Amino acid sequence: MTEYVKVALMGSGYAGKSTLIKLLTDRAPKLEANYQPTAGMSCGTITIDSSTKVSLIEMGGQSHFEFLWPDFMRGSKMVVVVTESNPKAVLKTRQLLEKYKNQLNGVKIIAVANKQDLPGSMRPESVQDLLGVPTVGMVAIDPKQRLTGYKLIVNGLRDMVQVAA
Ligand SMILES: Nc1nc2c(ncn2[C@@H]2O[C@H](COP(=O)(O)OP(=O)(O)OP(=O)(O)O)[C@@H](O)[C@H]2O)c(=O)[nH]1
Ligand SMILES: [Mg+2]
């Protein structure tokens with residue numbers, strides 16, 4: 001029987017959540033696209049091994065969808081917080097983590113410091129210092145980072161679900 005593990009993607013609009021799901025679930029050689037805000041939620045599935053799949057649930061980041069977030073977070077084994085890496089965006093992400101700390105209590109959190117290709121980006125270590133959660137740098141539009149993204153999910157879940165080595 002296949003076990004589905006729920007992982008929620010959280011973060012402001014335009015942070016790169018949909019792009020990260022595309023990176024992890026498509027084989028597309030090119031990921032750059034016009035911005036289409038996610039209305040409510042979107043999802044994708046990745047296969048970890050023959051008995052485990054991960055449901056990636058993106059919570060639309062525009063503020064008028066925020067009221068849905070607590071419901072989407074429920075039952076998640078892990079929450080991946082995606083942020084742009086400029087200082088203003090990182091501070092906004094810190095506020096979001098603070099705002100939802102009750103819902104996030106007891107849930108494993110990993111941050112993705114996305115858009116590392118853009119000038120003015122903070123280094124992942126500095127983003128980690130500000131957010132206070134383990135942080136991985138990312139360029140979600142770069143298909144070469146597929147493995148980095150995949151490892152982020154698999155390693156994040158490793159101590160919670162049985163993942164084949
Ligand atoms: N330069 C650059 N652009 C990126 C990167 N990741 C995503 N983008 C672009 O940023 C824009 C927003 O990305 P989305 O993935 O749609 O953002 P989102 O977090 O899903 O936004 P909402 O659905 O509104 O919450 C798109 O135009 C992407 O192509 C990146 O690493 N570098
Ligand atoms: Mg989206």
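Helix H1 supplies the largest share of the shell around ligand 1, with 3 residues. Helices (H or I, at least four residues) and strands (E, at least two) are DSSP runs, numbered from the N terminus. This is a predicted model: local features need pLDDT of at least 70, side-chain atom pairs count only at pLDDT 80 or more, and totals for chains, interfaces and linings use all residues. Residues are numbered from 1 along each chain as its sequence is written, while chains are lettered from A and ligands numbered from 1 in the order in which they are written.

**Ligand shell**
- Around ligand 1 stand 24 residues (C-beta atom, placed from the backbone, within 6 Å).
- Gly13, Gly16, Ser18, Thr38 and Gly61 come nearest.
- The shell divides into 10 nonpolar, 10 polar and 4 charged residues; Gly counts as polar, and Asp, Glu, Lys and Arg as charged.

**Sheet**
- Six strands form an open sheet in the order S2-S3-S1-S4-S5-S6, with mixed pairing (at least two DSSP bridges between two strands).
- S2 (41-49) and S6 (135-137) are the edge strands, each with a single partner, so one side of each lacks a neighbour in the sheet.
- Twist averages 25 degrees from one strand to the next.
- S2 and S3 (residues 52-59) run antiparallel, joined by 8 bridges.
- Cys43 is opposite Ile57 in S3.

**Helix packing**
- H1 (residues 17-25) packs on the sheet, touching S1 (3-10), S2, S3, S4 (78-84) and S5 (108-114) (contact: C-beta atoms, placed from the backbone, within 7 Å).
- The direction of H1 makes about 30 degrees with that of S2.
- Axes are lines fitted to C-alpha atoms, for helices over the stretch in contact, and angles run from 0 to 180 degrees between N-to-C directions.
- H6 (residues 146-157) lies across S1, S2, S3, S4, S5 and S6, at about 165 degrees to S5.

How values were computed:
Contact = placed C-beta atoms within 7 Å.
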